[in-house]
Structure formats: structure tokens, C-alpha cells
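Colleague: Hey, I've never looked at this one before. Could you walk me through it?

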Amino acid sequence: MNYVKEFFTRTFGQVKSKKYFEIFNKLNKQSFESKLRVICLQLTQSINHASRLQIIHFLFGVAVSDNEVHQQEIKFCESISVKLGYNAEVVKDLSAHISTSAQENSSKKLLKEIINKFYKS
């Protein structure tokens, strides 16, 4: 959770991140699985390519932030990536690299390098 808090504070500032976490805590108590496709469609229509990739980068970062790779987390990231309009094969390739790298060494630098390759795909 520290990874998420640091990201939000760095990205949005202290005041906004606090507000976003209040919203997150409310939403976290609800099941949103059925709303996921609609949420991703709205994001795809309202934000640019770079912002969607930042979301994917963030999700994979959260998945490996505990220095462990859990298949359920990777599958969730893959699912979101595809729902955001990315090619399933490219996403699977990305997640395979992330899974392998996280198991060997979960350094943020390595994760950024992998994501940057994804940006160019």
C-alpha cells in the first residue's frame, strides 16, 4: 500500500491524494468487477494513450511492489490492459517479462525499461 500512497502523493499532491484515498476506501468495500468494462471504456474514451499506459505501469508496479509475483495480480493487470484497448499478445508478453524480472529482481528501473518497450509496441 505504501507504493500506492507514494505514487498518488507524487502524482497528485498531498491534498488531492488524501481525497482520492477517501474515495478509494469507499470503493474498496464495493464489488466493481461487473463495472470494470464500463470503467475501462470510459477511460479509453476520455484519456490519451500515454495516460492509459501510465495506469498499466502503475497496476503492474502495484502487483510487484511486495517483491513477489502472484498470478492472480498479473492476470488482473492483463485483463485491465486488454479492456483499455491493448493487444492481448503484447500484454501477455509484457506481463511475462514483468513476472520474470520481478522474480529475479523487482527494481523499478527494470520495470520502467520493460514498460518503455511496451510504449513503443
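Predicted model: local features only at pLDDT ≥ 70, side-chain atom pairs only at ≥ 80, totals over all residues.

Colleague: How many helices and strands are in the protein chain?

Modeller: The protein chain has 7 helices and 0 strands. Helices (H or I, at least four residues) and strands (E, at least two) are DSSP runs, numbered from the N terminus.

Colleague: And what share of the residues is buried?

Modeller: Of the 121 residues in the protein chain, 30% are buried. Buried means under 20% relative accessible area, exposed over 50%, and partly exposed in between, with a 1.4 Å probe and protein chains only.

Colleague: Why would residues a few places apart point the same way?

Modeller: An α-helix has 3.6 residues a turn, so residues three or four places apart point the same way.

Colleague: Which residues does phenylalanine 58 contact?

Modeller: Phenylalanine 58 is in contact with Tyr3, Val4, Phe7 and Phe8, leaving aside its neighbours within four places in sequence.

Colleague: Nice link. How many residues are in the largest nonpolar core?

Modeller: It has 20 residues, and those with the most contacts inside it are Phe8, Ile56, Phe58, Phe60, Ile80, Leu84 and Tyr86. At least two residues each come from α1, α3 (36-46), α4, α5 and α6 (88-104). α4 gives the largest share, 6 residues. A nonpolar core here is a set of buried Ala, Val, Leu, Ile, Met, Phe, Trp, Tyr and Cys residues joined through side-chain atoms within 4.5 Å.

Colleague: How do α4 and α5 cross?

Modeller: The axes of α4 (residues 49-64) and α5 cross at roughly 175 degrees and come within 9 Å. That makes α4 roughly antiparallel to α5. Axes are lines fitted to C-alpha atoms, for helices over the stretch in contact, and angles run from 0 to 180 degrees between N-to-C directions. Angles under 35 degrees count as roughly parallel, over 145 as roughly antiparallel, 65 to 115 as roughly perpendicular and the rest as oblique.

Colleague: And α3 with α5, at what angle do they pack?

Modeller: At about 50 degrees, with the axes 9 Å apart, so α3 and α5 are oblique to each other. On the α3 side the contact is made by Leu36, Arg37, Cys40 and Thr44, and on the α5 side by Phe76, Ile80 and Lys83.

Colleague: Now some single residues. Is serine 81 buried or exposed?

Modeller: Serine 81 counts as buried, because its relative accessibility is 1%. This serine lies in α5 (residues 71-83). Apart from neighbours within four places in sequence, serine 81 is in contact with Ile56, Phe60, Tyr86 and Val91.

Colleague: What does cysteine 77 contact?

Modeller: Cysteine 77, also found in helix α5, is in contact with Leu59, Phe60 and Ala63, again leaving aside neighbours within four places in sequence. At 3% relative accessibility, cysteine 77 counts as buried.

Colleague: Last one: where is arginine 52, and what does it touch?

Modeller: Arginine 52 is in helix α4 and is buried, with a relative accessible area of 13%. Not counting residues up to four places away in sequence, arginine 52 touches Leu43, Thr44, Ile47, Leu84 and Tyr86. The C-alpha atoms of arginine 52 and tyrosine 86 are separated by 9.6 Å, with the two 34 residues apart along the chain.

How values were computed
Residues numbered from 1 in each chain as written. Heavy atoms only, no water. Contact = heavy atoms within 4.5 Å.
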